[in-house]
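Subject: Structure handover

Hello,

Here is the structure I said I would pass on. My notes on what was found in it follow below.

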Amino acid sequence: MTLKESLIALADAWCAATGRQLSGLSTLVLKDSKFFGRISGNAGLTVATVERFLAFFREPTNWPDASIPDDVAATLARLPAHEPQTQLEMALP
């Protein structure tokens, strides 16, 4: 499964769990309701965008009952974790 497919699967799981639509999710995370419509075709996505979604999905309070479903947790465990860098760390060689 590609990273894009994993992101869409996680988004679909969140929508099923919350009863909300993809446009609502992308508005919450990116302030862009049309994001999933664009990437359903050939549009690409940036690392920063993927990291924003993964951070959202990894936060238990973003799920019903503040609990990440087991299948979602398993998918997240297969994806790279991200630790944000400070501006100084990014500037250092």
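Where is the place of Ala-66? Ala-66 sits in the loop between H4 and H5. Please keep in mind throughout that this is a predicted model. The phi of Ala-66 is near 50°, a positive value in a residue other than glycine. With a relative accessible area of 46%, Ala-66 is partly exposed.

Two other residues have a positive phi. Lys-31 is not a glycine, yet its phi is positive at about 60°. Lys-31 belongs to the loop between H2 and H3, and its relative accessible area of 69% makes it exposed. Gly-19, which follows H1, has a positive phi near 75°.

Overall make-up

The protein has 6 helices and 0 strands. Read from the N terminus, the order of elements is α-α-α-α-α-α. The protein has 93 residues, of which 27% count as buried.

Helix H1

H1 covers residues 3-18. Its 16 residues reach 22 Å from the first C-alpha to the last, which is close to the 22 Å expected at 1.5 Å a residue. The buried residues in H1 are Ser-6, Leu-7, Leu-10, Ala-11, Trp-14 and Cys-15. They pack against H2, H3, H4 and H5.

Ser-6 can be looked at on its own. Is Ser-6 buried or exposed? Its relative accessible area is 5%, and the cut-off for buried is under 20%, so Ser-6 is buried. Leaving aside residues up to four places away in sequence, Ser-6 touches Met-1 and Leu-79.

H1 against H4

Two packed helices are described by the angle between their axes and the distance between the axes. For H1 and H4 (residues 47-57), the angle is about 35° and the axes are 11 Å apart. Their crossing is left-handed. On the H1 side the contact involves Leu-3, Leu-7, Leu-10, Ala-11 and Trp-14, and these meet Val-50, Phe-53, Leu-54, Phe-56 and Phe-57 of H4. Sorted by type, the residues of this contact are 10 nonpolar, no polar and no charged.

Helix H4

Which residues of H4 are buried? They are Thr-49, Val-50, Phe-53, Leu-54, Phe-56 and Phe-57. These residues lie on the same side of H4, because they cover an arc of only 160° around the axis. The partners that the buried residues of H4 pack against are H1, helix H2 (22-30), helix H3 (35-39) and helix H5 (70-78).

Helix H5

Val-72, Thr-75 and Leu-76 are the buried residues in H5. Seen down the axis of H5, they fall within an arc of 100°, so they line one face of the helix. H1 and H4 are included in what covers them. The face of H5 turned away from this buried side carries exposed residues, namely Asp-70, Asp-71, Ala-77 and Arg-78.

Within H5, Thr-75 has a relative accessibility of 14% and therefore counts as buried. How many residues apart in sequence are Thr-75 and Leu-7? The two are 68 residues apart in sequence, and from C-alpha to C-alpha they are 9.5 Å apart in space. Leu-7 is among the buried residues of H1, and H1 is among the elements that cover the buried residues of H5.

Thr-27 in H2

Thr-27 is a residue of helix H2. Its relative accessible area is 35%, which means that it is partly exposed. Not counting residues up to four places away in sequence, Thr-27 touches Asp-32 and Ser-33.

Regards

Key: Residues numbered from 1 in each chain as written. Predicted model: local features only at pLDDT ≥ 70, side-chain atom pairs only at ≥ 80, totals over all residues. Heavy atoms only, no water. Axes fitted to C-alpha atoms, helices over the stretch in contact; angles between N-to-C directions. Helix = DSSP H or I, 4+ residues; strand = E, 2+ residues; numbered from the N terminus. Left-handed = near helix turned anticlockwise from the far one by under 90°. Contact = heavy atoms within 4.5 Å. Nonpolar A, V, L, I, M, F, W, Y, C, P; charged D, E, K, R; others polar. Buried < 20%, exposed > 50% of the residue type's maximum accessible area, 1.4 Å probe, protein only. Arc of directions from axis to C-beta. Expected span 1.5 Å × (residues − 1).
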